[in-house]
Amino acid sequence: MPTKESAKTHPARGTAKIWTEEERAAMQESARERKASSRRGPDEERAEGEREIRDKIAAMPEPDRTMAERIHALVADTAPVLVPRTYYGMPAYARDGKVICFFKPASKFKVRYATFEFQPDASIDDGDMWAVSFAVNKLTSGVEARLAELVKKAVR
C-alpha cells in the first residue's frame, strides 16, 4: 500500500505542494488549541480564551493589530454571550463550544485584505443565499455598525 508523501514538492515528479507553510502552521495551531481546550473547565474557558486572543492580537503586525483590537471590543460589547477563543490561531468567538465567528488577519495567509467570517452555527441566514465571509480593508463607523449587526444576528 503506498504511503502518503510529504506536502513538499517531490523533485523527481514535480508535484505541487498540497498545503502552504501558513496553512500547515494554522493546522498545527488548531491541534494545540483543541488539546489545551479539552483540559479546561467552563469557568477557565472565557479567561483563558481572552488571554489567548490578546496574545495573538499583540503579535499581529499593523494594520491587522488595530483592526483586530477594535473587532474584539465590538464582538465583546455586541454579544457578551460569545466566549473568546482562538481558531486556527485567529481570534474567534464561540457559543456552546462551537465557533460562531472569527477574524482572519491579512498577514496570517499573506493576502491583501483581512476577513471577518461566520461559521454554519451563526444564524445569519438571509433567504436562499447569504454571505459568510466579509473582506475588511478599513474599519469605518459604517463597517463597524454592519459587523455589529451581523454579530447580533448570528447569536439570536
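Buried means under 20% relative accessible area, exposed means over 50%, and partly exposed lies in between (1.4 Å probe, protein chains only). This is a predicted model: local features need pLDDT of at least 70, side-chain atom pairs count only at pLDDT 80 or more, and totals for chains, interfaces and linings use all residues. Residues are numbered from 1 along each chain as its sequence is written, and side-chain values use heavy atoms, leaving out hydrogens and water.

**Exercise 1. Confidence**

Find the average pLDDT of the protein chain, and the stretch where pLDDT is below 50.

Solution. pLDDT is the predictor's confidence in each residue, from 0 to 100. The chain averages 88, and 86% of the residues score at least 70. Residues 1-8 have a pLDDT below 50. Beyond near neighbours in sequence, that stretch has seven contacts in the model (contact: heavy atoms within 4.5 Å).

**Exercise 2. Ile53**

Solution. Step one: locate Ile53. Helices (H or I, at least four residues) and strands (E, at least two) are DSSP runs, numbered from the N terminus. Step two: classify. Step three: list the contacts. Step four: check a distance. Gly89 is 36 residues from Ile53 along the chain, and their C-alpha atoms are 8.6 Å apart.

**Exercise 3. Lys108**

Is Lys108 buried or exposed, and which backbone oxygen does its side chain reach?

Solution. Start with the location: Lys108 is in the loop between β3 (98-104) and β4 (114-118). Its relative accessible area is 19%, so Lys108 is buried. Its side chain reaches the backbone oxygen of Tyr88 at 3.0 Å. Not counting residues up to four places away in sequence, Lys108 touches Glu22, Ala26, Glu29, Tyr88, Gly89 and Met90.

**Exercise 4. Strand β4**

Sort the residues of β4 by face, then find the strands that pair with β4.

Solution. First, the faces. In a regular strand the side chains alternate between the two faces of the sheet. Ala114, Phe116 and Phe118 lie on one side of β4, with Thr115 and Glu117 on the other. Five of the five residues in β4 are buried. Next, the pairing (at least two DSSP bridges between two strands). β3 and β4 pair antiparallel over four bridges. Phe103 has Phe116 as its bridge partner in β4. β4 also pairs antiparallel with β5 (residues 133-136), over four bridges. There, Glu117 stands opposite Ser133.

Terms used:
Polar contact = N/O pair within 3.5 Å; in protein donor to acceptor, adjacent residues only side chain to side chain.
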